[in-house]
Amino acid sequence: METFRAFISLVKDSFGYITHGSKAYHVWMFFLTLIMLIGMYFYSIQLDEGLSVTGMTDRVSWGLYISNFTFLVGVAAAAVMLVMPTYVLHDIDFKQAVLIGEGLAVSALVMCLAFVVADMGGPSVLWHMIPIIGVFNFPSSMLAWDVIALNSYLFINISIPLDILFRHYQGKEAKSKVYIPGAILSVLWAVGIHLVTAFLYQGLQARPFWNNALLGPRFLASAFAAGPALIILVLAAIRKFSEFNIADKTIKKIALIVTVAAQINLIMLFSELFKEFYAPTHHSESAYYLFFGLEGKTALLPWIWTAIPLNILATIMLTFHKLRNNLNVLYLCCAMLFVAIWIEKGFGLIVPGFIPGPYGKIEEYTPSWVEIWVTLGIWAMGAFVFTMLAKTSIGIELGELRYKRKK
C-alpha cells in the first residue's frame, strides 16, 4: 500500500514539476505545442482526404514517414550504448547521461510508432495488426517481427528507468539484481530492433537497392553514430539550461563512441559505393539515380550531395583528438553527422529503392506540405515527451523531487 501511495505521489509531484520552470522552458514548451497543433491540423486533412494528399503514389509507396521511422529506430537503439558501460561495466562517467539516453530512446520509439500510424493512413487501420482480431502474420511477416520488437523495446526502456527513478524518489538505492539483467536485455534488444528493421528491406526481392548484405551492419554503425551524437547535443543543452552537472569527460567519452561508429559507417559506405559503381549492372540503376540522376530525374541529388560531404567532413574532424576535445567543434560535428545520417538513412535509402520501378518506370517523389507538417508535428511531440521525461529525471536526481512519507 505504501508503494502504491509513493507511486501516486510521484505522478502528482512530476506533473507539478513539469508544469513549472523558467521563462525559456515555457517558451520552448509553447513552441512545441504550437508545432504539434499545426501538425494535428494537417493530419486531420490526411484523415479526411486519405493518403492522396501526400506525395506518395503506387510506385513510391514509402516516403517521408517511413524515412523518419527508419532513422528513429536507430536513434532509439543507440541510446542504450550508455546503458552497458553504466550498469554492467560500472563506468561512473556515463552515469550522469544514462537516464537522459533512456528518455531519448522512449521518445524516439513514440515517434516511430506515430510515423507508422501516419504512414498507414490513420489509427483506424491498426486493428488489422491485432492478433486474433486481425491478421498478424506472425512469424512469416518481418513487419510482425518489427512490431513485436519495437513495442517490447519500448516497454523495456520505460520499465528500467522507471524502477530506478522510483526508488531514487523514495530515497533508496536501485536494486542491481533488477536493473542489470534488464540493462543487458535492453542492449541485446536494441541490436535486434535495428537488425529486424534492416531485414524488412533486405527481404524485399523486387528492390535490389536494399538487397545488400551490409545493410544490417551499416544500420547499426550509423545508429551508433547518430544516436550518441544527438545525446551529446541534448546534454549540451541540459548543461546550459539546467543545474544538472554533466562533466566534460562524460561528453568526451560519448564522443569517442560517435567517432568509432562514424568511421565504421564511412568505411561501409565506401564499400557499398564500390559495389554499385565499379562493376555496375542493371541493379545499380537505383544508386545511379540517387547519386547522378536518371533520364533527367535529379530530385535526390541535392539531398545526397549534402549528406556525403557532411558525413565525411564530420568524421574526419572527429578523428583528430584535439578537434574532438574542443566542445564547440564537437557540437558542430555532432550536428553535421546527425543531419547527414538522417538524409542517408531517410531519403537516401527509402526513396531510391522504388526508383526505377520493376518495369523501368521512373516516377520521382516529393513530400507534400501535409507530410512535412505532420512530420514536424511528430518530431515536436517526441521533443515534448523527452523534455517532460528529462525534466522529471533531473528533478529526482537533483533531489528536488522526493517522497514525503506520511507519519
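Predicted model: local features only at pLDDT ≥ 70, side-chain atom pairs only at ≥ 80, totals over all residues.
A search of the whole structure finds five salt bridges, among them one between Arg59 and Glu363, whose closest N and O atoms are 3.3 Å apart. Arg59 is placed in the loop between helix H2 (23-49) and helix H3 (64-78), while Glu363 is placed in the loop between helix H13 (327-345) and helix H14 (369-397), so this pair ties together parts that are 304 residues apart in sequence. Both partners fall in the intermediate accessibility class: Arg59 is partly exposed, with a relative accessible area of 39%, and Glu363 is likewise partly exposed, at 26% relative accessibility.

Two further salt bridges involve Arg218. In one of them, Arg218 pairs with Glu272, and the closest N and O atoms are 3.1 Å apart. Because Arg218 belongs to helix H8 (residues 215-241) and Glu272 to helix H9 (residues 248-277), the pair ties together parts that are 54 residues apart in sequence. Arg218 is buried, with a relative accessible area of 13%, and Glu272 also counts as buried, at 14% relative accessibility, since the class covers residues under 20% relative accessible area.

In the other, Glu344 forms a salt bridge with Arg218, for which the closest N and O atoms are 2.3 Å apart. Glu344 lies in helix H13 and Arg218 in helix H8, so that this pair ties together parts that are 126 residues apart in sequence. Glu344 and Arg218 are both buried. Through the partners that these salt bridges share, Arg218, Glu272 and Glu344 are joined into one network.

The largest pocket holds about 1,000 Å³ of space. Its lining is made up of 35 residues, and those that lie nearest the centre of the pocket are Trp28, Ala237, Ala383, Phe386 and Thr387. Two or more residues of the lining are given by each of the elements H2, H3, helix H5 (95-120), H8 and H14, and H14 gives the most, with ten residues. When the lining of the largest pocket is divided by class, 26 residues are nonpolar, six are polar and three are charged.

Methods
Residues numbered from 1 in each chain as written. Heavy atoms only, no water. Salt bridge = Lys/Arg side-chain N within 4 Å of Asp/Glu carboxyl O. Helix = DSSP H or I, 4+ residues; strand = E, 2+ residues; numbered from the N terminus. Buried < 20%, exposed > 50% of the residue type's maximum accessible area, 1.4 Å probe, protein only. 1 Å grid on protein atoms, 1.4 Å probe; cavity = no way out; pocket = protein on both sides within 12 Å on 5 of 7 lines; lining within 4 Å. Points joined across faces, edges and corners; volume = space filled by probe spheres on them. Nonpolar A, V, L, I, M, F, W, Y, C, P; charged D, E, K, R; others polar.
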